[in-house]
Amino acid sequence: MRSSQDVRPGPIGPTGPSDLDAAASTALHPAARETLLAALDHGWADPRRLHKQARDARLLLDNAREVVAAELGLRRDDVTFTSSGTDAVHRGLLGLRLARSRVGRHALASAVEHSAVLHALEWAAATDGGSHDLVAVDRHARVDPDAVREALSPTTAVVAVQAANHEVGTLQPVTAVAEAIGDVPLFVDACAAVGHVDLPAGWAAAAASAHKWGGPAGVGLLLLRPGTRWRSPFPADDRVDPRSSGFENVPAALAAAAALRAVGTERAEVAARQRRLIDRVRGVAAGIEDVDVVGDPDERLPHLVTFSCLYLDGEALVTALDRRGFGVASGSACTASTLEPSHVLAAMGALTHGNVRLSLHRDTDEETVEAFCRALPEVVAELRR
Amino acid sequence: MSGSTGLPATADLELDCRGEPCPLPVIRLGRRYTEFAPGAVLAVVADDVAARYDVPAWCRMRGQEYLGEDVAEDGVARYWVRRTL
């Protein structure tokens with residue numbers, strides 16, 4: 001008997017539902033699981049101390065930084081582990097902004113940034129009297145580097161442009177934006193991209209999130225280019241890495257690094273398969289009357305597709321698909337805690353109701369995708385009846 | 001045209017969608033516009049926040065002309081559409 005105090009999860013059924021919401025979170029990669037279990041027994045001590053167990057923990061932490069840096073083509077010192085992707089976004093974006101406060105407290109961001117970026121800029125403005133402007137995007141959600149340059153003001157301290165959009169998958173012209181803005185530092189939220197596509201060049205600081213690539217939740221990456229002016233926007237802490245705070249979760253950091261290396265090794269094969277499967281879903285969705293497939297068809301993340309079904313309620317769609325065993329996300333207002341439609345869909349001029357985002361895990365198979373492709377036209381027809 | 005806003009002075013049909021959740025305002029627009037000849041103007045009065053994005057998106061998908069937005073006498077948003085096809 002399981003008591004109410006038992007914290008172990010219950011058994012997982014043999015034919016569980018098909019989660020097609022990998023962009024929200026994906027399961028631990030087997031390589032990460034193995035590493036995590038081994039590291040739990042060796043990486044628990046305080047990595048700042050000088051004794052044996054502490055030195056072991058420190059070695060594991062340094063190793064994790066080394067592996068992540070190698071995977072991303074960086075140096076070890078460029079990599080900081082944070083307590084989440086959101087924390088990395090906050091530190092990266094606000095730290096660049098703070099280091100340039102003599103220039104000004106104005107920030108620019110694309111209109112389709114993750115809410116973590118937008119909330120951070122609102123918080124900063126409310127805290128120190130700064131301001132920010134949003135740069136409009138095209139119908140694929142892509143920002144125009146020239147438009148970013150034109151929106152710069154003499155007091156712009158930082159510009160934020162994501163590597164890839166988390167809702168519609170469109171890749172942003174990060175390197176061209178960096179060139180367009182010259183000396184103004186660029187913050188790149190790469191949380192949706194790392195593990196799926198190459199990290200683009202041109203950023204002064206960037207952020208990533210381990211549970212999006214098969215690492216554990218509660219591990220983020222703050223990446224800083226050498227020579228970048230950055231100041232912590234939060235209280236200092238006397239940890240191994242002064243850019244972060246709080247006691248290091250060494251086993252989780254090492255597991256995140258192991259997962260990143262594993263997905264890097266598999267990526268060419270996995271991304272090619274995902275691209276083919278997503279093309280199939282895009283084709284099926286586009287073939288249904290009054291369904292608008294949104295986001296760039298080619299310059300996109302390999303594993304994600306978003307579409308909107310005219311006249312349908314997003315919540316009804318999510319519920320009907322869930323009943324058939326498919327777990328998907330939606331940017332429609334009725335599915336949001338805020339009851340506001342997705343600001344990404346709104347900014348790109350897409351239909352905000354009847355919205356579905358489907359994203360594949362590394363091991364989502366063709367059979368599951370084909371089953372979804374059979375179910376989708378039926379579900380839409382049923383709901384429109 | 002009513003000068004200041006650039007919007008028509010009157011609509012051939014004003015749909016009162018106050019209090020209706022998304023996607024009802026767009027569903028009602030989609031049902032009713034076919035009753036009118038090309039050139040007719042329809043206005044959708046809706047307090048649902050999604051209508052601000054979904055009425056223009058509907059126009060794009062249906063090839064109709066989105067004219068813009070103003071407010072009804074009670075301050076509720078009103079979205080203007082011209083049937084072109």
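A:Cys191 lies in the loop between β6 and β7 of chain A, where helices (H or I, at least four residues) and strands (E, at least two) are DSSP runs numbered from the N terminus. The residue counts as buried because 30 C-beta neighbours fall inside 10 Å; a residue is buried if 20 or more other C-beta atoms lie within 10 Å of its own, exposed if 12 or fewer, and partly exposed in between, with C-beta atoms placed from the backbone. Leaving aside residues up to four places away in sequence, A:Cys191 touches A:Gly85, A:His114, A:His166, A:Ala207, A:Ala208, A:Ser209 and A:Lys212. Contact here requires that the C-beta atoms of two residues, placed from the backbone, lie within 7 Å. A:Lys212 is 21 residues from A:Cys191 in sequence, and their C-alpha atoms are 7.2 Å apart in space.

The model is predicted: local features need pLDDT of at least 70 and side-chain atom pairs count only at pLDDT 80 or more, whereas totals for chains, interfaces and linings use all residues. Residues are numbered from 1 along each chain as its sequence is written, and chains are lettered from A and ligands numbered from 1 in the order in which they are written.

Two helix pairs of chain A may be considered next. The axes of α2 (residues 52–72) and α7 (residues 250–286) of chain A come within 9 Å and cross at roughly 25 degrees. This makes α2(A) roughly parallel to α7(A); angles under 35 degrees count as roughly parallel, over 145 as roughly antiparallel, 65 to 115 as roughly perpendicular and the rest as oblique. The crossing of the two is left-handed, a term used if the near helix is turned anticlockwise from the far one by less than a right angle, with right-handed used if clockwise. Among the residues that meet are A:Leu60, A:Leu61, A:Ala64 and A:Val68 in α2(A), and A:Ala253, A:Leu254, A:Ala257 and A:Arg261 in α7(A). The contact comprises 11 nonpolar, 2 polar and 2 charged residues. In this division Ala, Val, Leu, Ile, Met, Phe, Trp, Tyr, Cys and Pro count as nonpolar, Asp, Glu, Lys and Arg as charged, and the others, Gly among them, as polar.

In the other pair, the axes of α8(A) and α10 (residues 366–384) of chain A come within 10 Å and cross at roughly 130 degrees. The two helices are therefore oblique to each other, and their crossing is right-handed. A:Ala316, A:Leu317, A:Ala320 and A:Leu321 of α8(A) make this contact with A:Ala375, A:Val379, A:Glu382 and A:Leu383 of α10(A). Its residues divide into 7 nonpolar, no polar and 1 charged.

Some loops hold backbone features of note. A:Ala141 has a positive phi of about 80 degrees although it is not a glycine; this residue sits in the loop between β4 (131–135) and α5 (145–151) of chain A and is buried, with 29 other C-beta atoms within 10 Å. A:Tyr311, also not a glycine, has a positive phi near 75 degrees. Its place is the loop between β10 (304–309) and α8 (314–323) of chain A, and it is partly exposed, with 19 other C-beta atoms within 10 Å. In chain B, the peptide bond from B:Cys22 to B:Pro23 is cis, with omega near 5 degrees, and B:Pro23 is found in the loop between β1 (13–16) and α1 of that chain.

Finally, 14 residues of chain B are in contact with 18 residues of chain A. On the side of chain B that touches chain A, α1 (24–32) and α2 (51–62) of chain B each supply at least two residues. The largest share, 6 residues, comes from α2(B). The residues of this side of chain B divide into 11 nonpolar, 1 polar and 2 charged.

Notes
Axes are lines fitted to C-alpha atoms, for helices over the stretch in contact, and angles run from 0 to 180 degrees between N-to-C directions.
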